[in-house]
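Me: I'm new to this structure and would like to learn how to read it. Could you take me through it one feature at a time?

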Amino acid sequence: MIRPFGESALLVELGSAERAQALAASIRDNTIGGIVAVVPGAESVLVELDPWEIESERVAHALEGRLARTAELAPIGRLRRIPVIYGGEHGPDLADVAKLCGLTQAEVIERHAATELRVLFLGFAPGFAYLGGLPDELHVPRLATPRTRTPAGSVAIAGSMSGIYPADLPGGWRVIGRTSLVLFDPRGDPPAYLAPGDTVRFEPISG
Amino acid sequence: MIEVLVPGPLTSVQDAFGRPDWRHLGVPVGGAADAWSARLANRMAGNSDNDALLEITLGGLELRCETAANAALVGGMSVSVDSLPVAANAVFPARAGSVIRVDPGSGARGYLAVAGGIMVPPILGSRSTDLRSGFGGHDGRALRSGDLLEIGSSSTTPRRWTGSRPDGPIRIVPGPHATGISLDGEWTVGTEADRTGVRLDGRRLEALGEVPSMGLPLGAVQVPPDGRPIVMLADRPVTGGYPVPACVIRADVGRVAQLRPGDKVTFASVSLGEAREALASAEAELAALEAPGDENLGWTGSHE
């Protein structure tokens with residue numbers, strides 16, 4: 001489904017992060033005339049157009065053609081291993097999460113670290129990756145009152161997703177651990193450790 | 001070189017276009033909140049559109065020019081040099097040692113371009129300051145008194161502007177969701193108006209729930225669960241999960257960035273074709289520049 005999003009953008013709704021990533025990657029590798037930027041979302045791609053060169057209806061038509069072939073694209077990405085110290089001062093919400101899930105703290109850690117998660121898209125802050133694929137038994141609601149400051153490196157969960165705070169940020173996700181990895185460095189190449197399509201595996205280490 | 005004497009409530013180094021190419025890694029676009037005014041100030045000073053300049057929020061800035069330079073101020077502020085007022089939207093010469101003062105006016109943001117541009121290192125392709133993440137611009141932060149800013153060299157001629165900017169309702173086109181929701185009626189700009197977005201008070205729109213997070217273009221009008229619409233500006237997050245029933249047209253986004261808390265605003269729906277014509281017209285007004293005549297640039301008072 002392709003909808004106009006303002007006079008110089010289109011929202012392409014694909015129904016899954018995997019297809020959205022594949023379409024965004026495909027356009028970045030082999031652009032369609034008139035497209036100036038693509039931004040993947042949870043189930044969609046924002047396609048920004050050069051308003052001077054082309055009418056959006058024409059790009060929409062070219063996109064339809066690309067979409068028909070995109071479903072077959074193989075998943076993209078790498079495996080990224082992330083060392084985490086779980087619980088204690090590094091994971092202040094681990095005990096509550098265990099209670100909410102009806103599990104022991106050790107079982108929460110084991111399930112979180114046993115799952116291969118996938119970077120669905122980045123947003124909220126530079127380097128903040130939304131990681132999908134959290135097992136059902138770890139789905140917990142956000143904090144009723146968000147923290148004004150969640151420390152950089154906090155590994156957190158909310159709903160069906162996990163995430164890592166790349167900087168000190170306000171946040172309502174439940175923090176179960178912490179990593180010392182730098183997730184975003186504006187002078188780095190690339191600046192973010194994670195990119196859409198990456199597979200992520202958390203590895204427990206002892207503090 | 002320029003020295004910041006008094007920074008005002010919020011002055012930062014910005015360029016016109018920000019970092020549009022790093023959004024897939026979560027980096028917001030940023031850049032001037034009113035990019036049209038920033039480009040105009042640069043053009044008047046003889047710079048390129050995307051050269052770095054100062055974005056001044058609600059006035060209160062005082063600078064000393066250590067070296068002589070032509071400068072231009074665009075946006076809803078008034079400016080004086082050594083206490084002599086300069087005409088609005090004018091280019092003016094500042095001698096070595098002179099003090100430029102920018103005072104509040106009818107708009108939220110002023111753009112002060114100095115010929116040669118402000119020399120800060122580009123990061124991720126832009127000289128703009130990402131104030132929230134703390135990188136880019138001058139040390140990744142708002143300016144403080146005592147900061148020294150290096151100015152590039154310039155051999156271009158400053159130019160006088162003869163164009164205009166539309167007033168009247170802010171024009172909108174449909175967004176991807178709930179296009180039946182109307183923004184008719186008068187709105188008041190709330191106190192939460194910053195570079196990220198402008199929240200509007202008025203009637204409460206129907207709560208629309210959430211949608212899967214999606215990339216947000218400039219000018220998207222989000223409706224969060226409290227029913228108070230927010231027009232998203234330069235520092236908006238890359239993605240958002242609230243429905244977007246409308247988008248402010250590109251030609252008018254900079255006008256939204258000039259609204260101050262308490263200002264009244266109305267919206268008018270236009271077609272996609274009218275939105276593109278408005279953008280072409282805004283570009284034409286930007287190009288309405290000519291070499292300055294004998295009236296000695298923007299001075300309104302005599303001098304020396």
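This is a predicted model: local features need pLDDT of at least 70, side-chain atom pairs count only at pLDDT 80 or more; totals for chains, interfaces and linings use all residues.

Me: Let's start with a pair of strands. Which residue in strand 20 of chain B stands opposite B:I172?

Reply: B:V248 stands opposite B:I172. Residues are numbered from 1 along each chain as its sequence is written, while chains are lettered from A and ligands numbered from 1 in the order in which they are written.

Me: In what sense do strand 13 and strand 20 of chain B pair, parallel or antiparallel?

Reply: Two strands pair if DSSP finds at least two bridges between them. Strand 13 and strand 20 (residues 246-248) of chain B have three bridges and run in the antiparallel sense.

Me: Which way does strand 13 of chain B pair with strand 22 of chain B, parallel or antiparallel?

Reply: That pairing is parallel, again over three bridges. There, B:A268 in strand 22 of chain B is the bridge partner of B:R171.

Me: What is the strand order in the whole open sheet?

Reply: Eight strands of chain B line up as 21-14-15-18-17-20-13-22, with mixed pairing. Strand 21 (264-265) and strand 22 (267-269) of chain B stand at the edges with a single partner strand each, so one side of each has no neighbour in the sheet.

Me: How should I think about side chains along a strand?

Reply: In a regular strand, side chains alternate between the two faces of the sheet.

Me: Is strand 13 of chain B mostly covered or open?

Reply: Mostly covered: five of its five residues are buried. A residue is buried if 20 or more other C-beta atoms lie within 10 Å of its own, exposed if 12 or fewer, and partly exposed in between, with C-beta atoms placed from the backbone.

Me: Which helix lies across strand 13 of chain B?

Reply: Helix 2 (residues 250-257) of chain B does, and it also lies across strand 15 (197-201), strand 18 (230-232) and strand 20 of chain B. Its angle to strand 13 of chain B is about 130°. For such angles, axes are lines fitted to C-alpha atoms, for helices over the stretch in contact, and the range is 0 to 180 degrees between N-to-C directions.

Me: Where is B:R260, and why is B:R260 called partly exposed?

Reply: B:R260 sits in the loop between helix 2 and strand 21 of chain B. B:R260 is called partly exposed because 17 other C-beta atoms lie within 10 Å. Leaving out residues up to four places away in sequence, B:R260 touches B:A108 and B:V189. Contact is read from C-beta atoms placed from the backbone, which must lie within 7 Å.

Me: How is chain B split into domains?

Reply: Domain bounds come from an automatic or database domain assignment. For chain B, the assignment gives domain 1 (2-161) and domain 2 (170-286). Their C-alpha centres lie 25 Å apart. Across the boundary, 22 residues of domain 1 of chain B are in contact with 15 residues of domain 2 of chain B. Helix 1 (residues 35-44) of chain B provides the largest share of the domain 1 side, six residues.

Me: And which domains does chain A have?

Reply: Chain A is assigned domain 1 (2-70) and domain 2 (79-204), with 29 Å between their C-alpha centres. Six residues of domain 1 of chain A are in contact with five residues of domain 2 of chain A. Helix 1 of chain A gives the most to the domain 1 side, with three residues. Chain A has four helices and 13 strands, and 48% of its 207 residues count as buried.

Me: How many residues of each chain are in contact where chain B meets chain A?

Reply: The size of an interface is often given as the accessible area lost when the parts come together. Here we can count residues: 32 of chain B are in contact with 35 of chain A. Helix 3 of chain B gives the most to the chain B side, with four residues.

Conventions
Two residues are in contact if their C-beta atoms, placed from the backbone, lie within 7 Å. Helices (H or I, at least four residues) and strands (E, at least two) are DSSP runs, numbered from the N terminus.
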